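Take a look at the chain shown below.

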Amino acid sequence: MKTITWFGFVLGALSAAGEVIWTKPGQTAIFKCQAESYGTLEWLHHGTERIIRVDGRTGQQNKAQSDIVKRSAASETTLTVSSVKEADAGRFTCKVDRRVQEYTLLVVSVPSGVLQVGSTAKLQVKGKSSSTSVQWKGPDGHLTDSETIQLNPVALSHNGTWECLFTLDKVTHKKSLEIKVEVPAPETAAPLPSQKSKDCHNCVTNPQPKETPLLQELSWWVWVALGVGCLVVILLIVFVIVLCVRIRRRKRKYQRRQNGQQPLKPRQFCQCNRPTAAAKPQQGRRREKPLALPRQPLLME
Ligand SMILES: *[C@@H]1O[C@H](CO)[C@@H](O)[C@H](O)[C@H]1NC(C)=O
């Protein structure tokens, strides 16, 4: 019996070494306590702050009053903390009767999306205690003994896989994180500041951002003005053509009046010759016949 209880103590000590749970802000952390049956099960934060106490016989839960408690739920031997915050990071404890199981909640904040070269970014892990250590390993393999890495400025060498190393009781836990970096698209106004920097040093930073939107606005208005201008020109041309046609008509009328009734006679002749009632159907028939004739030999062949 003694060996069995000793074995139990060793197992308890191993579990006391602690489980490491990696999360990101906003995610849900799940803590699983190993217990078949128990009199009381208690969840503690930072060693002493009680979150929930569960009575094993009645299943009744006693909840404390704090921010993390509002986001916590206990089900059987599992504690769920939703919408994880950086302040939640650290030690969690499950007390089952007299046994204790320890957990370390690590909250890793890493920029999401693609970082631009030259911008700034921060990699951070929360949850380190005095007895643990944290390191960041860059894509180049360089190790930094810090919870926080400031990328200022972000460089292309920061692109790739970063590793967060958390050492607890001589055991190192790793979390790989992908950081994406890209070179920002070159701007058209790039050569302008170099020209200005020669003229005045103090004015360099201020006019830069002002000029590009102005240029964009200008080009916008230039296009609108061009469109309106083209419309006006087209309308003017149409107006001039209409005017010319009217002037010509008036000139012809004026000339006709001056010439008297002479130009009317040839017109009358033309009108009388063309539209005779008998001529039209004859023309139609004549056209049909020559069309029909060449088709027959073509079909025969
Ligand atoms: C960044 O790293 C990823 C792999 O992690 C690679 O596919 C991508 O091409 C890299 N981007 C640049 C700009 O080097």
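The points below go through these topics in turn.

This is a predicted model. A search of the whole structure turns up four aromatic pairs. Phe31, Trp43, Phe92 and Tyr103 make up one aromatic cluster.

**Aromatic pairs**

- A pair of aromatic rings is described by the distance of the centres and the angle of the planes.
- Four aromatic pairs are found in the structure. One of them joins Phe31 and Trp43: the centres are 6.2 Å apart, the planes are at 55 degrees, and the pair is tilted.
- This pair links distant parts of the chain. Phe31 sits in strand β2 (residues 29-32) and Trp43 in strand β3 (residues 40-45), twelve residues apart.
- Phe31 counts as buried because its relative accessibility is 0%, and the cut-off is under 20%.
- Trp43 is also at 0% relative accessibility, so Trp43 counts as buried.
- Trp43 also pairs with Tyr103. Their ring centres lie 5.7 Å apart and their planes meet at 40 degrees, so this pair is tilted.
- Tyr103 has 2% relative accessibility, so Tyr103 counts as buried.

**Nonpolar cores**

- Which residues have the most contacts inside the largest nonpolar core? They are Phe31, Leu41, Trp43, Leu79, Phe92, Tyr103 and Leu105, in a core of 24 residues.
- Several elements each supply at least two residues of this core: β2, β3, β4 (49-55), α2 (67-70), β7 (78-81), β8 (90-96) and β9.
- A second, separate core has 20 residues, including Leu106, Leu123, Trp136 and Phe166.
- Leu41 belongs to the largest core. Leaving out residues up to four places away in sequence, Leu41 touches Cys33, Ile52, Arg53, Val54, Glu76, Thr77, Cys94, Lys95 and Val96.

**A look at Leu165**

- Leu165 lies in strand β15 (residues 160-168).
- Is Leu165 buried or exposed? Its relative accessibility is 8%, so Leu165 counts as buried.
- Setting aside neighbours within four places in sequence, Leu165 is in contact with Ser133, Val134, Gln135, Leu143, Thr172, His173 and Lys174.
- Leu165 and Glu147 are 18 residues apart in sequence. In space, they are 9.7 Å apart, C-alpha to C-alpha.

Definitions and conventions: Residues are numbered from 1 along each chain as its sequence is written. This is a predicted model: local features need pLDDT of at least 70, side-chain atom pairs count only at pLDDT 80 or more; totals for chains, interfaces and linings use all residues. Side-chain values use heavy atoms; hydrogens and water are left out. Rings of Phe, Tyr and Trp (its six-membered ring) pair if their centres lie within 6.5 Å; planes under 30 degrees apart count as stacked, over 60 as edge-to-face and the rest as tilted. Helices (H or I, at least four residues) and strands (E, at least two) are DSSP runs, numbered from the N terminus. Buried means under 20% relative accessible area, exposed over 50%, partly exposed in between (1.4 Å probe, protein chains only). A nonpolar core is a set of buried Ala, Val, Leu, Ile, Met, Phe, Trp, Tyr and Cys residues joined through side-chain atoms within 4.5 Å. Contact means heavy atoms within 4.5 Å.
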